[in-house]
Amino acid sequence: MADSRFPQRVFGVGTEPDARFTLANERTFLAWIRTSLALIAGGVALAALDLPLQPGLKLAAALVLVVSGILSPLQAWFGWARVEQAIRRSEPLPGSRLAAPLAGAVAVVGILLLLGFALR
Amino acid sequence: MSEHGAEPHGADPRGADPRGAHPLGAASPSAFDLGLQSERTALAWQRAALSVTVGSLVILRVAATSLATSLEAALGGSLGLPGLPLPFAVGGLAVGVLGLVAAALIALRSRGRHPRLLRPGRGPGPGPVPAHEPQMSQVQVQLQMPGAALLALLCSVALVFGAAALVFVLSTGFG
């Protein structure tokens, strides 16, 4: 019988893997979602709170956080799908495409906030 | 076994584990108990659902109030609710309730999965594993997992939050 689980492009390939690997992949997905929500909350807090920062740099930092928070769920979904496909095909696991850019974005936010505090 | 446990079982050139315990050391088989796998995943879902609930409350408390003020200023009149437009109030409450319902559903789903994972023949049970038994890594746990509709839904909610946050940040920055 054909596998009808969503999405077909993931569950239609390979063989059913060890359930523990699927559960671990699901937890990684959830960790990305929580990261996304934290980034969004940080951006909103930065914009909403009356902080002693240079306004332009504060806005830039908030935008970087929110945009990173929008990209993270995409990484969560497509990363989950790629890893699940690799597990089902018994192939090496692909790396995360957004991990390095996200680390860079958080570093940029830190620098913007430092500059914003210094130039206020 | 290497410090990071990267070598396969039986590759330890020094022979038996110096601690006299499982070759994986602290990561003993009981730490990979199938029930715990399910429980850890359920707890991760609970944290995500609670984050969604808190996020919806943040939308209600902060973003909606500020957006309402901006909208009222732009429209030159009141929107009916003090600082809280109805669509945002309904949307925020709906997502909050959705988060709580999702948390309850996930707990129920985990409770249903737990006994299936622990069914005899799935793999070793909890507690220390005798030396003659296979390692957890050598035991296949065959159980068909559900589809990813819930994952897609959660992803969509996070994207909606992100879009709302972007509108809010832009409205405070350029409004």
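Which residue forms a salt bridge with A:Arg88? It is A:Glu16, and the closest N and O atoms are 3.2 Å apart. The pair links distant parts of the chain. A:Arg88 is in helix 3 of chain A, and A:Glu16 is in the loop between helix 1 and helix 2, 72 residues apart. One caution before I go on: this is a predicted model.

Let's stay with the charges. Over all chains, the structure holds 3 salt bridges. A:Glu16 also takes A:Arg5, with the closest N and O atoms 2.7 Å apart. That pair links distant parts too: A:Arg5 sits in the segment before helix 1 of chain A, 11 residues from A:Glu16. Shared partners join A:Arg5, A:Glu16 and A:Arg88 into one network.

The cut-off for buried is under 20%.

Another salt bridge joins A:Arg20 and A:Asp18, at 2.6 Å from N to O. Both of these residues are buried.

Now the aromatics. The structure holds 3 aromatic pairs over all chains. Take A:Phe6 and A:Trp77. Their ring centres are 6.0 Å apart and their planes are at 25°, so the pair is stacked. The cut-off for stacked is under 30 degrees. A:Phe6 lies in the segment before helix 1 of chain A and A:Trp77 in helix 3, so the pair ties together parts 71 residues apart in sequence.

A:Trp77 is buried, at 12%.

The charged end of A:Arg120 sits over the ring of A:Phe117, 4.3 Å from the ring centre.

Next, the surface. A:Val67, A:Leu71, A:Leu74 and A:Phe78 form a nonpolar patch there. Together they have about 320 Å² of accessible area. A:Leu74 lies in helix 3 of chain A, residues 55–88. Its relative accessibility is 34%, so A:Leu74 counts as partly exposed.

Last, chain B. Its helix 3 covers residues 149–174, which is 26 residues. From first C-alpha to last, this helix reaches 37 Å, close to the 38 Å expected at 1.5 Å a residue. Which residues in helix 3 of chain B are buried? Among them are B:Leu151, B:Leu154, B:Ala158, B:Phe161, B:Ala165 and B:Phe168. In general, residues three or four places apart point the same way, because an α-helix has 3.6 residues a turn.

Note on methods. Residues numbered from 1 in each chain as written. Chains lettered and ligands numbered in written order. Predicted model: local features only at pLDDT ≥ 70, side-chain atom pairs only at ≥ 80, totals over all residues. Heavy atoms only, no water. Patch = residues over 30% accessible without salt bridge, like charges linked within 9 Å, V, L, I, M, F, W, Y side chains within 5 Å. Areas by Shrake-Rupley, 256 points an atom, 1.4 Å probe, with all protein chains shown as cover. Salt bridge = Lys/Arg side-chain N within 4 Å of Asp/Glu carboxyl O. Helix = DSSP H or I, 4+ residues; strand = E, 2+ residues; numbered from the N terminus. Buried < 20%, exposed > 50% of the residue type's maximum accessible area, 1.4 Å probe, protein only. Phe/Tyr/Trp six-rings, centres within 6.5 Å; stacked < 30°, edge-to-face > 60°. Lys NZ or Arg CZ within 6 Å of the ring centre and 35° of its normal. Expected span 1.5 Å × (residues − 1).
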